[in-house]
Amino acid sequence: MNSPAIARNIPDWDAPLPEALGYAWIHGETWMSGGEPIASVNPATGEVWGRFGDGGAPAVDAAVTAARSAFRCDWGRISGADRAALLLAWAARIAEEVDQLAWLETLEVGRPIADARTLIAQGPLLIGYYASMIPALEDRSDGAVRRARGVVGAITPWNFPTANVLIRAVPILAAGNTLVLKPSELSPRSAVLLAQLASEAGLPPGVFNVVPGAGHTAGAALAAHPGIDMIAFTGSTRTGRAIIQASASQSLKPLMMECGGKSPQLVLPDMIDQPAIWPGVFHTAFWNTGQWCAARTRLLVPKGGLDAAVEGLRAAAADWPVGDPRDPATRLGPLASGKQYDTVQDYREIARQTARVVPLSAVPDANGFYAAPELALGAPQDGALVQQEIFGPMLTVQEYADPDEAIRLADDSPYGLGATIWGADRDLAERIAAGLSAGSVDVIVAAAARPGLALGTPFEPRKQSGFGIEGGLAGIAAFTTPQAINYAG
């Protein structure tokens, strides 16, 4: 496939894209849909720049058929070593197309291009990591054989288009399954390109299929399809509930659900006066303009620490300019869509009525869905700003009197995805972590350190953030099922 060259400086919004990226990829080839085309809007300009086909139920049917055939034949019959070799070949192709994938994210959802390149460049490492685990799946020391589940359906969101697809697709394929993936209607083209690169790398036709489309058409058809053996979903809790209901309407199947989050970060008394923490606090709250489920969007500081937090975050914001996502200097781009912009504006209005708002920076004088980072001080604990996922650049800041109140405030949330604790007192950090219903807790014991989920450490979302183990050997094993083989005589 011939891909247009991507400039290293400011790419042209009007640079042509391969037409095939606007259609489904099924059985190793472009599948032309007959559904109503869906418009693609550039979030940096607010203008429609293209359209893509909604595959709907017919494309889902075709993709499931192709995936079932591949599972029973080519992909299901190769050795684990051969499967790993093909995945590594795919990783090599992705490494060659980082610029193209980054440009698609900038164009479709406004991801700053430098940040997109950095994250996507880690994709081949993720593939290598899971490929290295394939031999462990063949261990029979407990008397059971781990079998691939079959045809897995995956539904991914728009905030990190390439990374979200890889996080879902790689362990599914490494475990020996075939895949039918429905990407967000805001960002379908990077998923299609990843599937095309997989075919170019030698993955057999039907192993990795992509069906673009709206949630109520392609997404609903995939969730309810009786030919799907397992569903893996990343997205909002509301959509997750709908998928759970749809998946049970035709057949029983296991589910892996990573849903919303409203994660806290707590600064302990021994770090509140450390200026070096605030760039990390800012990053965990506002990266990708706050559009990520694990964003730590509730900041808890000890009594008397409010001024230090405000000044520290104001200083940190200077290193995160909001602007044109094509510019390599931009670190915060626009919100991904007009719908998301309206949602964030509604919460900003609530903030102005119920809290003290502190702007941290300004947005460019340009069209598009830009929103600047803001702090909301003194928001009520039971109010929308503290309890609901905003998915935008707003951080609530609250004070606590003692560790017990810190735990109570931090855990008072319908979500349980993650948390961050900034403090060198390991015993206190352990006590607080034990009191949090969160799947992953980062404990930062050095002020200048940066939080981050260790890839090899399994975790599971809790409460309304979902369920199903992610990461590590347990994460890839979740896409297999144990089969007991008992010999008698």
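**Strands, helices and cores**

Reply: Happy to! This is a predicted model. Let's start with Ser 263, whose bridge partner in strand 12 is Arg 296.

Me: How do you know that strand 11 and strand 12 pair?

Reply: Pairing takes at least two bridges between two strands. Strand 11 (residues 263-267) and strand 12 (residues 296-302) are joined by 4 bridges, so they count as paired. These two strands run parallel.

Me: Which sheet do they belong to?

Reply: An open sheet of 7 strands, in the order 13-14-15-12-11-17-18, with mixed pairing.

Me: What makes strand 13 and strand 18 edge strands?

Reply: Strand 13 (356-359) and strand 18 (440-444) each pair on one side only.

Me: Which strands does helix 16 touch?

Reply: Helix 16 (residues 403-411) packs on the sheet and touches strand 11, strand 12 and strand 15. Its direction makes about 165° with that of strand 12.

Me: Why is a group of residues called a nonpolar core?

Reply: Its members are buried residues of types such as Trp, Phe and Leu, joined through side-chain atoms within 4.5 Å. The largest one has 102 residues, and Trp 90, Phe 208, Leu 299 and Leu 375 touch the most other members. Helix 8 (residues 161-174) gives the largest share, 8 residues.

Me: What does Trp 90 touch?

Reply: Its contacts include Ile 127, Leu 166, Val 170 and Phe 208.

Key:
Residues numbered from 1 in each chain as written. Predicted model: local features only at pLDDT ≥ 70, side-chain atom pairs only at ≥ 80, totals over all residues. Heavy atoms only, no water. Buried < 20%, exposed > 50% of the residue type's maximum accessible area, 1.4 Å probe, protein only. Contact = heavy atoms within 4.5 Å. Axes fitted to C-alpha atoms, helices over the stretch in contact; angles between N-to-C directions. Lists of a residue's contacts leave out its neighbours within four places in sequence.
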